[in-house]
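This report describes a protein chain for a reader who has the sequence and the structure at hand. Please keep both in view while reading.

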Amino acid sequence: MAVLTPDQEAAARTQFAQAAAPVEAAKPSETKGVQLPPSVSVKELGEYLGVSAVEIIKELMRNGIMANINQQIDFDTAALVADTFGIQASPMAMDAAITEEIVGEDTSQVKMTTRSELFSLDGEDPANLRPRPPVVTVMGHVDHGKTSLLDAIRQTKVAAGEAGGITQRIGAYSVEEKGRPVVFLDTPGHEAFTAMRARGAQVTDVVVLVVAADDGVQPQTIEALSHAKAAGVPIVVAINKIDREGANPEQVMRQLSDHGLVPEAWGGQTVMVPVSAKQKKGIGDLLDMILLVSELQELKANPAKPAAGTVIDAHLEKGRGPVATVLVQTGTLRVGDNMVVGHIFGKVRALLNDEGKKMKEAGPATPAVVTGLPDVPTAGDVFQVVSTEKVARTIAMQRAEQHRVATLAQTRRVTLADLAAQVQEGKIKDLNLVLKAESNGSVEALKSSLLKIQDPQVRINIVFEGVGGVTESDILLAAVSNALVIAFSVKPDAAAQRAAEREKVDIRQYDVVYNVTNDIEKAIKGLYEPTFVEVWEGRAEVLQPIKIPKVGNIAGSRVVDGKISRDSRVKISRDGQLLLEGQIVALKRFKDDVKEVTVGLECGIQVEGFQDFQTGDVLDAYLVKQA
C-alpha cells in the first residue's frame, strides 16, 4: 500500500478529527461474514461492514496505517480490519455472478454475488426443486480410448443420423439410458478440465477415468486422477479394451488401488466397469453406474428461475457471428432472454440442442448453442439471464470494472521467497507441492523427506507427484491448488515456462534432496532469505555439433522459443535429463559475434566446460538476477 506524504497524513488526521466529533461510533455489524474484492476504498469497506468510515480510519491508524476515506486498501488489510469488528472476510470471486434486486427501472440495486452462491440450493423452496441429469467428463491417458468410448456411447445411445457434425463442434451432448438423460462434456482432457476449474467453473458431477486393460496405469492416467481428486469429483473407472489380447483388468485394479482408488469388488468405494468401446460392450453398464453414482449426490435444480450456467466453448462462426456453447446449471434459458456473460451482454437470438435442432428453451443440465451475443465470451465464464437490457448493461459495466480492479490488484500465488513472511503473519496453514523428478526412486525419496518435516503452523500436502519434466498440465494443477512446483533433476518445457509466467506459479529446480528440504524448512520457520532468482529467457535445440580448431565442439543450434543472450547461463538436457548447467562464453551468427539470437534463427553456442554436444540436445537459457 502507498505511503502517505506528510501533507497527506496531516490532511487525513484533520479529516478524521472533523468527522469523529459528530459521528457516533457505529456498532459492529451483526453480519458474520462478508466477501470483499481484491481492492476496496475505506468508504466502500465501511459500507461492506456496516461500519462508519471513521471507525475504519481509526482502526487503520491503530495499526500504523494512515489512510483517507477514498484511499484503496488491499484485501489482506481489509480482512484484518473486518476481523476487529467480529466479521469474517473472504475473497470475492473475480468472475462473480450477479443477483438482481430491481425496483422498477432502478439499476442501482444490482448486487454482486459469487458463483457458488448463484448455483447454491440454500434457501430454495424444496417444492421448486427437480432432479437434473448428471454432467460427466471423460479423462485418461492418450490412446486409452477416450474418444472411442465417447463415440461408442454416442452411436449406441443416440439415434442414427441425429448426432451430425454439430456434435463435434458443440463439445457437449446428452444421451439416454433407460429413459434417464446423461450429459457428457467432450473436452480434450484433464488440462482443459483444470483450466476451466481455474476460472471457477465447477460444472462436472462425475469423472469417468478411462484406463486401457492391456496397458494399465500410465503417467497421464495419474495426472488425470490427481486433477479429478483435486476437484473433489466422484470417479467412475472405465477399464477399456477388454477385447484385446493381453488385457488384464485385475492388474489395472491393483495399480489403481496403489493410487487410492480401491474397487468396490475389493471392498473399496470406487466403481470400475469393464468395457470395449470397439465392440460396444459394457456401455449400458457404464451408464448405469454413472446414474447410480449421481443418484447418491441427489442432483437437483430449480427450473423455474431465470437461467444461469457456464460457457463450455465459444467461437466466431461465418454467417452466424459469435456462437457460444453453454451448460445451463439452474433455471431455464429461453429464446429472447436478456443474457450477460462476463462483461458482454446481449439477447438470445436462437438456441440449438446437441443434435443441431432449434429449441425454444433449455432446462437445468442441458447443453445448448447460443447465438445473439455481440462478442465471443471466454470458456469458463458464468452466464446469467436478467430482466431487462438496461440491467444487463449495468451488470456488464460492473463486471468490467471489477475485472479491471482485480487485474490491477492481482494477488500473487505462494512462492518460496515469500512463504517465510506469510508464515510469520499467520497466512499460510497448508503448503501445497507438485513434485516432478527423473525417476520413481527420486520421487519417493523426495516425498519421504518432505513429509518428515514437522511444523505446528504449516502442513505439507503433496497434491501431485510424477516422473518426467514439468509440463503445462503440472502448472495448471499448481495454479488451481496454489502450489509450489519442485522440479528435481528435471526441467520445465517451453509451454510450462510460459504457463508458469502467466499463472505466477513458482518453479524451484534442484538436484540435491537436502537442498529441497533445507529450503522448505527455512521457509516454514521464517528464515528463508532468497538473494537470486533464475529468469528464463529462451530455448535452443542442437542441430549438430560443430568442431572449431583450437576451441573444440560448439553447439550448432536453432532458437525454438524466446531468445538466447551472450550473457545467459544454460541448462543442457538430453532426452529430458539434465546434463549440465554452464555459462555461455561465445554466441555467433555465421562468423560474427552477436549479443543475442531470437526465435527461428540459427547460431553457434559455446558453453564453458562442455563440448559433448549431440544432435537433439536442448539448451534452456536463463539469467540470474537479484530478487
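Does Ile486 count as buried or exposed? At 0% relative accessibility, Ile486 counts as buried, where buried means under 20% relative accessible area, exposed over 50%, and partly exposed in between (1.4 Å probe, protein chains only).

## Basis of the report

The model is a predicted one, in which local features need pLDDT of at least 70 and side-chain atom pairs count only at pLDDT 80 or more, while totals for chains, interfaces and linings use all residues. Residues are numbered from 1 along each chain as its sequence is written, and side-chain values use heavy atoms, with hydrogens and water left out.

## The chain as a whole

The secondary structure of the protein chain comes to 17 helices and 35 strands. Helices (H or I, at least four residues) and strands (E, at least two) are DSSP runs, numbered from the N terminus. The protein chain has 627 residues, of which 49% count as buried.

Contact means heavy atoms within 4.5 Å. Among contacts in the protein chain between residues at least 6 apart in sequence, 71% join residues at least 24 apart.

## Ile486 and its surroundings

Ile486 is found in strand E26. Leaving out residues up to four places away in sequence, Ile486 touches Leu433, Val434, Leu435, Lys436, Leu446, Arg508, Tyr510 and Val516.

Helix H2 covers residues 42-49, and its buried residues are Val42, Leu45, Gly46 and Leu49. Seen down the axis of H2, these buried residues fall within an arc of 100°, so they line one face of the helix; the arc is that of the directions from the helix axis to the C-beta atoms. Just after H2, Gly50 takes a positive phi of about 70°.

Two packed helices are described by the angle between their axes and the distance between the axes. Here, axes are lines fitted to C-alpha atoms, for helices over the stretch in contact, and angles run from 0 to 180 degrees between N-to-C directions. The axes of H2 and H3 come within 8 Å and cross at roughly 110°. That makes H2 roughly perpendicular to H3, given that angles under 35 degrees count as roughly parallel, over 145 as roughly antiparallel, 65 to 115 as roughly perpendicular and the rest as oblique.

The crossing of H2 and H3 is right-handed; a crossing is left-handed if the near helix is turned anticlockwise from the far one by less than a right angle, and right-handed if clockwise. Val42, Leu45, Gly46 and Leu49 of H2 meet Ala53, Ile56, Ile57 and Leu60 of H3. By class, this contact of H2 with H3 has 7 nonpolar residues, 1 polar and no charged. Ala, Val, Leu, Ile, Met, Phe, Trp, Tyr, Cys and Pro count as nonpolar, Asp, Glu, Lys and Arg as charged, and the others, Gly among them, as polar.

## Helices H3 and H4

Helix H3 (residues 53-62) also packs with H4, at an angle of about 105° and with the axes 10 Å apart. H3 and H4 are therefore roughly perpendicular to each other. In this contact, Ile56, Glu59 and Leu60 in H3 meet Thr77, Val81 and Thr84 in H4. The residues involved divide into 3 nonpolar, 2 polar and 1 charged.

Thr77 is found in helix H4, which covers residues 75-84. At 14% relative accessibility, Thr77 counts as buried. Not counting residues up to four places away in sequence, Thr77 touches Leu60 and Ile65.

## Helices H15 and H16

The axes of helix H15 (residues 472-481) and helix H16 (residues 494-503) come within 8 Å and cross at roughly 20°. That makes H15 roughly parallel to H16. The crossing of H15 and H16 is right-handed.

On the H15 side, the contact is made by Glu472, Ile475 and Ala479, and on the H16 side by Ala495, Ala496, Ala499, Ala500, Arg502 and Glu503. By class, the contact of H15 with H16 has 6 nonpolar, no polar and 3 charged residues.

## Two loop residues with positive phi

Ser489 is in the loop between strand E26 (483-488) and H16. Although Ser489 is not a glycine, its phi is positive, at about 60°. At 18% relative accessibility, Ser489 counts as buried.

Lys178 lies in the loop between strand E9 (172-177) and strand E10 (180-185). Phi of Lys178 is near 55°, a positive value in a residue other than glycine. At 66% relative accessibility, Lys178 counts as exposed.
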